[in-house]
Amino acid sequence: MQLYHHPYSLESQKVRLALEERNIDYTSYHVNPVTGKNMDPSFFRMNPTAKLPVFQNGSHVFFDTIEIIQYIERIALVSSGSGIITQSSKQVVEWMYKIQQWNPKFFTLSHIPEKYYIYTSKFIRRVIIARMSEAPDLATSYHTKLKEAYETEEKMRDPQILQRSEQDLVKLLDEVEMQLKETLYLAGNEFTLADVMLVPILARLALWVWRRSI
């Protein structure tokens, strides 16, 4: 089993934590989106969204975070064979989807100095154009990514989009806080895959708070 990821990718962190929590062995491959490695034709053919992470097990390829984590859970269930590991409850799954509804993209980008973000965005666009000429059969998919890059830059200039992202995060954290007043963890008194998906978000927020304090 192979995991294509980057250490700073929030979605990658969720999957890596799930793999460790379920004690699943895997081969790690770092793919750096800042240098455009996720746009290389070999990776792009496997995952035309170019998003991280990607989990591969033989012919099975997943690049949706929840699908990956649920697949990991199924592997753990089969591997354990002793009933020690149980399938996630309906409440756990509901929390997983609730957490995943918050898209951290614009909130994350808003915490990067504008000059660095603009420079990186221009570089990625040049990479996409170069890869488009290298792999003409993928031109349509590359064009979609190029369009997304321009649209993201435009949206970053809209304060309402940034404000909406922050509001959605606050709403999620309020719901988490209310739940943790009643139970030790999100779905009861045991650490579950719902908590696995929440931990990287809390860690990222703690890092941002720390950086602003220095």
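Q: Which residues does Ile99 touch, not counting residues up to four places away in sequence?
A: Ile99 touches Lys14, Leu172, Leu186, Ala194, Met197, Leu198 and Ile201. Contact here means heavy atoms within 4.5 Å.

Q: What kind of model is this?
A: This is a predicted model, in which local features need pLDDT of at least 70, side-chain atom pairs count only at pLDDT 80 or more, and totals for chains, interfaces and linings use all residues. Residues are numbered from 1 along each chain as its sequence is written, and side-chain values use heavy atoms, with hydrogens and water left out.

Q: Back to Ile99. Which residues have the most contacts inside the largest nonpolar core?
A: Phe55, Met96 and Ile99 do, in a core of 34 residues. A nonpolar core is a set of buried Ala, Val, Leu, Ile, Met, Phe, Trp, Tyr and Cys residues joined through side-chain atoms within 4.5 Å. Buried means under 20% relative accessible area, exposed means over 50%, and partly exposed is in between (1.4 Å probe, protein chains only).

Q: Which helices each supply at least two residues of this core?
A: They are helix H1 (10-21), helix H3 (65-80), helix H4 (90-100), helix H8 (159-180) and helix H9 (193-213). The largest share, eight residues, comes from H9. The core also draws at least three residues from each of domain 1 (2-80) and domain 2 (90-213).

Q: What does a second, separate core include?
A: That one has 10 residues, including Met39, Phe44, Ile128 and Ala135.

Q: Where do the domain bounds come from?
A: They come from an automatic or database domain assignment. For this protein the assignment gives domain 1 (2-80) and domain 2 (90-213).

Q: How many residues of domain 1 are in contact with domain 2?
A: 27 residues of domain 1 are in contact with 28 residues of domain 2. The centres of the two domains, taken over C-alpha atoms, are separated by 16 Å.

Q: Which residues does the UniProt domain annotation cover?
A: The annotation "domain: GST N-terminal", from an unreviewed UniProt entry, covers residues 1-80. UniProt positions are in the numbering used here, feature names are shortened, and annotations may be inferred rather than shown by experiment. Over residues 1-80 the chain is 42% helix and 19% strand.

Q: How many helices and strands does the protein have?
A: The protein has nine helices and four strands. Helices (H or I, at least four residues) and strands (E, at least two) are DSSP runs, numbered from the N terminus. Along the sequence the pattern is β-α-β-α-β-β-α-α-α-α-α-α-α.

Q: Why is the protein called as compact as a globular protein of that length?
A: The radius of gyration is 19 Å, close to the 17 Å that the globule rule gives for 214 residues, so the protein is as compact as a globular protein of that length. The radius is taken over C-alpha atoms, and the rule is 2.2 Å times the number of residues to the power 0.38.

Q: What share of the residues is buried?
A: Buried residues make up 42% of the 214 residues.

Q: New topic. Which peptide bond is cis?
A: The bond from Leu52 to Pro53 is cis, with omega near 0°. Pro53 is in the loop between helix H2 (41-46) and strand S3 (54-57). Most peptide bonds are trans, and most residues other than glycine have a negative phi.

Q: What is phi of Ala50 near?
A: Phi of Ala50 is near 65°, a positive value in a residue other than glycine. Ala50 is in the loop between H2 and S3.

Q: Is Ala50 buried or exposed?
A: Ala50 is buried, with a relative accessible area of 5%.

Q: And Asn23, buried or exposed?
A: Asn23 is exposed, with a relative accessible area of 66%. Phi of Asn23 is near 55°, a positive value. Asn23 is in the loop between H1 and strand S2 (27-30).

Q: Last one: where is Gln179 found?
A: Gln179 is in helix H8 and counts as buried at 16% relative accessibility. Leaving aside neighbours within four places in sequence, Gln179 is in contact with Gln91, Trp95, Tyr185 and Leu186.
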